Amino acid sequence: MPSYAVIFISTLKDRDDASYGAMAEKMDALSRKQDGYMGIESVRGTDGRGITISYWSSLDAIKKWKANKEHGIAQSLGKSRWYKNYKVQVCRIEHDYNMVQS
């Protein structure tokens, strides 16, 4: 069965705003409790540009996460306070493979 990825690409207005980091940690913990959550990966460069990819079991799980009340508050703050810009992409994962070296 395919899974889904939500790719969130953003640029912060102020990389030193501690309230952003606190909210990101809160959203990470909250998303892990959502039905259908499968994992997350996130990186941010010194220029404030970041990419976060969250993985979900279904489109319905993604819709429920987007509709989460606390997540909605974080989204509003992101638009008004933290982000210069952002882009969201929802992708269906058809194949998944990896290599691990010891």
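Helix α1 (residues 18-31) contains 14 residues, which at 1.5 Å a residue should span 20 Å, and the 20 Å between its end C-alpha atoms agrees with this; the expected span is 1.5 Å times one less than the number of residues. The model is a predicted one, in which local features need pLDDT of at least 70 and side-chain atom pairs count only at pLDDT 80 or more, whereas totals for chains, interfaces and linings use all residues. Residues are numbered from 1 along each chain as its sequence is written, and side-chain values use heavy atoms, with hydrogens and water left out.

The secondary structure comprises three helices and four strands, arranged from the N terminus as β-α-β-β-α-α-β. These elements are DSSP runs numbered from the N terminus, helices being H or I with at least four residues and strands E with at least two. The C-alpha atoms fill a box of roughly 40 × 35 × 25 Å along the principal axes. Of the 102 residues, 31% count as buried, where buried means under 20% relative accessible area, exposed over 50%, and partly exposed in between (1.4 Å probe, protein chains only). The accessible surface comes to about 7300 Å², with 52% belonging to carbon and sulfur atoms; areas come from the Shrake-Rupley method with a 1.4 Å probe, and for residues only the protein chains shown count as cover. Contacts are defined by heavy atoms within 4.5 Å. Among contacts between residues at least 6 apart in sequence, 75% join residues at least 24 apart.

In α1, the buried residues are Tyr20, Met23, Met27, Leu30 and Ser31. They cover an arc of only 90° around the axis, which puts them on the same side of α1; the arc is that of the directions from the helix axis to the C-beta atoms. An α-helix has 3.6 residues a turn, so residues three or four places apart point the same way. Ala18 and Glu25, on the other side of α1, are exposed. The cover over the buried residues of α1 includes β1 (3-12), β2, β3, α2 (59-67), α3 (69-82) and β4 (83-93).

Helix α2 has Ala61, Ile62 and Trp65 as buried residues. They lie on the same side of α2, because the arc they cover around the axis is only 100°. These buried residues pack against β1, α1, β3, α3 and β4. The face turned away from the buried side of α2 carries Lys63, Lys64, Lys66 and Ala67, which are exposed.

Strands β2 (residues 37-44) and β3 (residues 49-56) run antiparallel and are joined by seven bridges; two strands pair if DSSP finds at least two bridges between them. Val43 has Ile51 of β3 as its bridge partner. Four residues lie between the strands of this hairpin, in which Gly48 takes a positive phi near 90°.

Ser54 also belongs to strand β3, and its relative accessibility of 10% means that Ser54 counts as buried. Leaving aside residues up to four places away in sequence, Ser54 touches Tyr4, Ala5, Val6, Gly39 and Ile40. The side chain of Ser54 makes a polar contact of 2.8 Å with the side chain of Trp56; such a contact is a pair of N or O atoms within 3.5 Å, and within protein one must be able to donate a hydrogen and the other to accept it, residues adjacent in sequence counting only if both atoms are side-chain atoms.

In the segment after β4 lies Asn98, which counts as exposed at 66% relative accessibility. Asn98 and Ser57 are 41 residues apart along the chain, and their C-alpha atoms are separated by 19 Å.
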